[in-house]
Amino acid sequence: MLGLKLLTDPRWANIAEGNLEEILTDHAWCEQKAASNAIYLITNNSEHLDLVQKMAEIAVEEMEHFKMVVDIIEQRGYTLGRERRDDYVGQLIKFARKDGSRNTSFIDRLLFAAMIEARSCERFRVLSKNIKDAELAKFYHDLMVSEATHYTTFLNFARKYAEDVDVEKRWAEWLEYEGQIIQSYGKSEAIHG
C-alpha cells in the first residue's frame with residue numbers, strides 16, 4: 001500500500017527494544033515535529049480552508065501522540081531527553097523542490113510529509129510485530145493506523161492542489177529517492193534511524 005522501495009529489516013525492532021528510553025524520546029520528538037509541519041502547512045497555505053481544517057486536526061492529533069509517548073516515558077521511570085536532529089528527515093528535505101512556482105513547493109511539501117508518514121507507518125508496523133513488550137506492541141499498532149491515514153491525507157491534498165505538477169510522477173521520484181537514502185538507516189534506536 002505504501003509503495004516503499006525498501007522495507008525495514010525486522011531486526012531493527014531488536015535495536016529499538018534494546019534502548020526503549022531512547023526510542024521513546026526520539027518518537028516523542030517526531031510527533032512534535034509532525035505537529036509543527038502541519039502548522040507550517042497551515043501558515044503557508046491558508047487560502048485552502050479544507051487543508052487548514054485538516055492540518056489543524058492533524059496538528060492536534062500529533063500533539064496528542066506526543067503526550068501519549070511522554071506519558072509512557074513517565075510511567076516507565078524514563079526521562080524525556082532533548083530533541084534530536086533527524087538525519088533521515090534532513091536527507092529527505094534536500095530532495096524537496098525549492099525552485100519553480102509557489103504551487104510546486106507546496107505540492108513537494110505535501111509529498112515530503114506523506115513520505116515521512118509512510119516510513120513512520122512502516123516502522124511502527126515493524127515495532128508492533130516484533131517487539132516483545134506487549135503494551136508497546138499494541139501502542140505501535142494503533143499509531144500505525146493513524147500514520148497510514150495521515151499519509152493518504154497528505155497525498156490526496158497533493159493530488160487535489162497540483163496545478164503544475166504531475167503528482168504521480170513526482171511521488172514515484174520521492175519513493176525512488178527515499179528508497180536510496182533509507183539504505184543508510186535502520187541501525188539505531190531512532191524511529192527513522
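Contact is taken here to mean heavy atoms within 4.5 Å. In this predicted model, Lys-5, which lies in the segment before α1 (12-17), touches Leu-175, Glu-176 and Gly-179 when residues up to four places away in sequence are not counted. The C-alpha atoms of Lys-5 and Gly-179 are separated by 5.0 Å, although these residues are 174 residues apart along the chain. With Glu-176, the Lys-5 side chain makes a polar contact, side chain to side chain, at 3.5 Å.

Side chains of opposite charge can pair when their charged atoms come close. Across the whole structure, 19 salt bridges were found. One of these joins the side chains of Asp-50 and Lys-160, with an N to O distance of 2.4 Å. This pair links distant parts of the chain, 110 residues apart, with Asp-50 in helix α3 (residues 49-75) and Lys-160 in helix α6 (residues 134-161). Asp-50 is partly exposed, at 28% relative accessibility, and Lys-160 is exposed, at 52%.

A salt bridge is also formed between the side chains of Arg-170 and Asp-108 (2.7 Å, N to O). Because Arg-170 belongs to helix α7 (residues 167-181) and Asp-108 to helix α5 (residues 102-130), the pair ties together parts that are 62 residues apart in sequence. Both Arg-170 and Asp-108 are buried.

The side chain of Arg-170 meets that of Glu-173 in a salt bridge as well, at 2.9 Å, N to O. Arg-170 and Glu-173 are 3 residues apart in helix α7, so about one helical turn separates them. The relative accessible area of Arg-170 is 5%, whereas Glu-173 is partly exposed at 24%. Through shared partners, salt bridges join Arg-97, Asp-108, Lys-169, Arg-170 and Glu-173 into one network.

Technical notes:
Residues numbered from 1 in each chain as written. Predicted model: local features only at pLDDT ≥ 70, side-chain atom pairs only at ≥ 80, totals over all residues. Heavy atoms only, no water. Helix = DSSP H or I, 4+ residues; strand = E, 2+ residues; numbered from the N terminus. Polar contact = N/O pair within 3.5 Å; in protein donor to acceptor, adjacent residues only side chain to side chain. Salt bridge = Lys/Arg side-chain N within 4 Å of Asp/Glu carboxyl O. Buried < 20%, exposed > 50% of the residue type's maximum accessible area, 1.4 Å probe, protein only.
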